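Open your viewer and get your selection tool ready.

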Amino acid sequence: MNPHHYDAVVIGSGAGGAAAAYRLVLGGLRVALIEKGDHLPTDGSTLDVGRVVGQGAFFSREVWRDGRGRHFTPEEHFNVGGKTKWYGAALLRFSEREFLPDPMHGCLGWPLTSRDLAPYYREAEQRLGVRTFECEPDLTRILKRVAAAGSPWRTEAMPMGLAAEIARHRTEAAHFDGFASARNLKNEAETSFLSLLRSRPNFTLLVSAEAQALLGSPGSPTTIAGVRLADGRELRARRVFLAAGALHSPRLLSRYLASSGLSTQLPAAPLIGRYLKLHLLTAMVAVSVRSMSDLIRKTVVLTHERFPHSSVQPLGFDSELIAGLVPKLVPDFLRRQIGRRAYGFFLQTEDGSDARNRVIEDPQRAAPPVLDYDETRLARAAREHRAFTRAFQRTLVRAGLLGLTRRIGLSGTAHACGSLICGRDATDSVVDASGRVHGMNGLYVVDGSVLPRSSRVNPSLSIYAWALRVGDLAAREFQREHSSMHCNSEEVSHAH
């Protein structure tokens with residue numbers, strides 16, 4: 001097949017891929033965005049509890065192995081917009097301290113500051129229509145007891161990427177957290193970025209197109225020259241942006257280094273796939289004696305002064321979904337009664353970085369990839385999460401609610417990040433502060449793989465901001481190159 005030529009190829013259409021493509025297209029580059037999946041249906045099936053939760057109809061079926069060789073299936077999504085179509089729309093900035101190293105908690109630092117990302121945070125928030133929603137009556141009553149005078153708990157309004165009118169559509173409002181909107185009432189990668197590019201002549205979206213391999217420049221394996229798709233097509237470009245997600249981008253890079261012989265030469269090669277982070281996560285069902293009727297629910301975020309790496313947010317789950325969190329051994333009628341009288345909460349703790357937590361793919365074997373992650377390697381984070389969970393349970397008891405918990409296991413990869421971390425040099429990171437892979441030309445990473453820290457909040461907004469920054473820097477470089485080429489051609493013309 002004849003190769004197709006572009007100025008940039010972006011692999012993956014989630015938060016990072018969409019934001020980077022948006023910035024590159026606006027910067028004048030001819031961009032091809034390739035997505036392994038297709039567009040999601042808009043027939044309401046993505047809001048159907050039976051299909052989404054019961055059948056897991058929209059999850060990837062790819063089988064992985066854990067660190068002990070046991071098979072499992074991560075909850076990954078391959079569709080236009082990636083995981084952002086399914087996320088809970090919580091869009092929080094990392095705090096200033098969360099850009100700094102925290103050795104006591106096992107956290108690595110960023111190669112830039114929160115000020116460096118600030119303009120891109122603002123741009124992402126504007127594009128995503130970030131807003132807050134009024135705290136509803138049931139949650140207000142709970143919080144009055146939780147955050148009583150002298151309480152160490154602090155409550156802030158949750159910045160959300162939801163349309164202001166979502167409350168007028170009850171099914172959408174009760175099923176946005178973990179579901180994909182059929183009416184474009186959730187602001188995510190496709191609706192807020194890619195939809196703006198559809199009419200642009202310098203943008204091409206290729207769906208059902210799986211990136212199989214990175215292509216090097218002949219005679220210069222450290223220079224990336226394009227991408228080969230699973231169907232044999234080749235896309236050539238001087239700039240390639242990895243945005244396939246923290247479980248998949250390192251696999252593409254590992255394959256290329258193995259095939260090109262760079263796996264023993266590139267200084268950053270031993271770090272590829274390492275420092276994977278997932279957050280330590282617990283779902284909690286808080287049961288009351290009174291019925292709950294709040295609709296959106298996910299309107300605040302709670303923190304505690306004694307637990308600086310942890311946060312709580314309500315789940316955007318209605319009674320039907322909350323009933324699904326109750327253990328199956330409980331009779332159905334009782335689960336439904338509990339669901340009507342319960343509020344869901346999501347507790348998360350920053351898990352720190354350990355080089356043994358990693359994504360592994362052996363290009364020489366046909367075995368499934370490995371997600372080797374063990375929270376016992378993160379002793380301090382594990383202790384904080386247990387203590388934080390107990391503290392919230394005790395607080396709920398004082399507020400008149402009984403908190404039942406369920407840990408989110410290894411398959412819960414919604415917050416996966418940090419497998420190609422950014423840093424100052426190749427001795428401690430894979431990617432530099434401008435998004436380039438150390439020691440490589442033309443290869444950038446714009447997804448959550450780069451995050452050196454997972455923070456105590458959801459990573460989505462920081463991924464959007466990082467990708468906008470990397471795209472902006474790359475577009476400026478492209479414009480300088482073309483300006484220089486134009487000047488040189490004019491000089492040659494005048495000389496003749």
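Which residues of α7 are buried? Keep in mind that this is a predicted model, then select helix α7, residues 249-260. The buried ones are Ser249, Pro250, Arg251, Leu252, Leu253, Tyr256 and Leu257. As you look along the helix, recall that an α-helix has 3.6 residues a turn, so residues three or four places apart point the same way.

Next, select strand β11, residues 239-242. Arg239 and Phe241 point one way while Val240 and Leu242 point the other way, and all of them are buried.

Strand β2 (residues 8-11) runs parallel to β11 and is joined to it by four bridges; here valine 10 has phenylalanine 241 as its bridge partner. Strand β19 (residues 443-445) is also parallel to β11, with three bridges joining them. Phenylalanine 241 turns up again, with tyrosine 444 as its bridge partner in β19.

For the last stop, go to serine 45, in the loop between β3 (31-34) and α2 (49-54). Is serine 45 buried or exposed? Its relative accessible area is 9%, so serine 45 counts as buried. Show side chains, and you will find a polar contact between those of serine 45 and aspartate 43, at 2.7 Å. Leaving aside neighbours within four places in sequence, serine 45 is in contact with Arg51, Val52 and Phe58.

Notes
Residues numbered from 1 in each chain as written. Predicted model: local features only at pLDDT ≥ 70, side-chain atom pairs only at ≥ 80, totals over all residues. Heavy atoms only, no water. Helix = DSSP H or I, 4+ residues; strand = E, 2+ residues; numbered from the N terminus. Buried < 20%, exposed > 50% of the residue type's maximum accessible area, 1.4 Å probe, protein only. Polar contact = N/O pair within 3.5 Å; in protein donor to acceptor, adjacent residues only side chain to side chain. Contact = heavy atoms within 4.5 Å. Pairing = 2+ DSSP bridges. Expected span 1.5 Å × (residues − 1).
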